[in-house]
Amino acid sequence: MMQTKHAGVGKWTVNIILIILAVIWIFPFLYVIVNAVKSSAEYSTGNFWDLPKSFSISENWQYLTQQVQLGSGFINSILYGALGGGLGIIMAALAAYAIETLKIKHGLLWFFIIYSGTIFPFQVYLIPIFKAYNKVGLYDTRVGMILIYAALIIPFSVFVLRNFLMGVSKEMLESARIDGASDFYIFRKIYMPMARAPLAAVFLFQFTWIWSDLLFGMTLTKSESARPVMAAVSLLGGATIQKVPPILLAAIIVSIPTIILFVLSHRNLEKGFIVTTK
Amino acid sequence: MKRANGWRNYLYIAPAVLFVFCFCILSIIFTLFISFTDWTGLGRFKFVGFSNYVAVFQDKNFLLSCINTLVWVAAGLIIPVVFPLLFAIAITKSSFSTLFKNIFYFPNAVSGVIVGLIMTSLLSMYGLPQLLGMLGFENLDKNWLNIPYVNTGVMIGASVWQGIGMNMLLFIIGLVNMPTEPIEAAKMEGASGIGLYTKIILPLLKPTIIVVVLMSLVNSFKTFDSIWIMTGGGPYRTSETLAVTMYKETFSNNHLGMGSAIAVMLSVIILFISIFYLRKTFTREGSH
């Protein structure tokens, strides 16, 4: 009797501590939402936790669009996430299939050659790619950005997809072979549908990464026509932040895609992490 | 029939290998080469041996950048490991675990750039400092990001706010998937509370702890986006880390040799940490 009562009190202490921490954790988001709609004058004269008296989204939006090309950055990043992500994952799926199912010679060695791409920090790729892109005319182009993003997501995608293929029974494949199906047919018609869940997880994860990238975006582009959204937003300048409400508005707008992906995928998040940490 | 197909099997792997070779492996070789020169990006290379590497430890600015990096790493070893572990233990005991899990993970859905923008406005002038000033803590009413050395601490706090959820999730997975027999046995023998954790649960959680520690280490070395947005490494280069210094040397000062040397040093350190991580990840490979 005493025992259960004690446990109940402990449980509520834990709950209360967690509620306090949770409030702290979402406080910055509340701050953003409350202040993104204020006028700049109201923000700088009032207290920042006051509810907005004015509703200045259109002025803030106008100021934003004068400062940076948020729209083109948004479209570019969607393009890079979709095409760069898609291209990279197709190449990764083919490679994982060859290593794990076609059992090519020295499969593990090939795997490590590809996987080595995840070990180094991105800083080490920056100068050579910047120089090479300038030489071959890929600097400040959409094609150049799609290619680099596709390349950078291959190693980790191969890792996850190969892990998945390792756990799949090969019986269906064998019977398809006996029926005379070609390897590429098996890849398209049996493996890809079967791997839909891990493919989707990898795509969401890599799309989010490409969407969030600043380093390559600001190094390899200079004009609005190719600049991805984070590089565009970074030009608003954090360190010298002038007009806060428009910048907070920008923060909300460019976070919408990754937040949608988070909401769509949070149930599968844990499953995905079990694969990567096993 | 299998043999006739042999060369064709390599077509599947060729695109991935080609991309990784061109973008990653060639880049590493080129960066290593440049790090031994004084190249400014134009004209000829002149070999300068190890002098770029030596300069990092002699120049006051580089040294400060090294120290800042170590501060990030030290903080990254303790805060993003201990706190998520406590969070995870609390969450597995709470009545609303899914809700709390999502709330603490949520900042991960927002990029480093956006966290930088939000935190810059929240931590400077009209944000949190002003609030604290009004509550009576007048000496806290300053732009924290403009104060040398304080700003590094503040930025570490911001990155903890963003990143803690990921590690917490890994710990929750570890705790939930833990074998129950040893815990039940220990409880039968009277273990409870802290004793149960230090003697039974933490040792069982060791594989997850190792992964989280190594990932946090690597991430601390690489931190770039949020510093770039929040302080740009300033004021007077006091909050630069190696990742920021590398970028500035290369793209602002055109010291490509110097930038490459810093990139190589970062790589060597991260490679060293990764070896432990990889050995853990791939020990299962041997049995195949």
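B:Ile164 touches A:Trp25, B:Phe83 and B:Pro84 when residues up to four places away in sequence are not counted, a contact being heavy atoms within 4.5 Å. The model is a predicted one, in which local features need pLDDT of at least 70, side-chain atom pairs count only at pLDDT 80 or more, and totals for chains, interfaces and linings use all residues. Residues are numbered from 1 along each chain as its sequence is written, chains are lettered from A and ligands numbered from 1 in the order in which they are written, and side-chain values use heavy atoms, with hydrogens and water left out.

To stay with B:Ile164 for a moment, this residue is found in helix α7 (residues 150-176) of chain B; helices are DSSP runs of H or I with at least four residues, numbered from the N terminus. B:Ile164 counts as buried at 1% relative accessibility, where buried means under 20% relative accessible area, exposed over 50%, and partly exposed in between (1.4 Å probe, protein chains only). Its C-alpha atom is separated by 9.9 Å from that of B:Phe106, a residue 58 places apart from B:Ile164 along the chain.

Leaving aside neighbours within four places in sequence, B:Phe104 is in contact with A:Leu18, A:Leu21, A:Ala22 and A:Trp25 from chain A, and with B:Phe87, B:Ile91, B:Gly165 and B:Met168 from chain B. B:Phe104 is also one of the residues with the most contacts inside the largest nonpolar core, which has 177 residues; A:Ile114, A:Tyr125, A:Phe216, A:Val233 and B:Ile114 are the others named. This core draws at least three residues from each of domain 1 (8-63) and domain 2 (68-236) of chain A. A nonpolar core is here a set of buried Ala, Val, Leu, Ile, Met, Phe, Trp, Tyr and Cys residues joined through side-chain atoms within 4.5 Å.

The domain bounds come from an automatic or database domain assignment. Taken over C-alpha atoms, the centres of domain 1 and domain 2 of chain A are 37 Å apart.

Over all chains, the structure holds eight salt bridges, each a side-chain nitrogen of Lys or Arg within 4 Å of a carboxyl oxygen of Asp or Glu. One of them joins A:Arg162 to A:Glu100, with the closest N and O atoms 3.4 Å apart. This pair links distant parts of the chain, since A:Arg162 is in helix α7 (residues 142-166) of chain A and A:Glu100 in helix α4 (residues 70-100) of chain A, 62 residues apart. A:Arg162 is buried, with a relative accessible area of 5%, and A:Glu100 is buried at 10%. In the salt bridge between A:Asp183 and A:Arg177, the closest N and O atoms are 3.1 Å apart; A:Asp183 is buried at 9%, whereas A:Arg177 is partly exposed at 24%.

Definitions and conventions
Helices (H or I, at least four residues) and strands (E, at least two) are DSSP runs, numbered from the N terminus.
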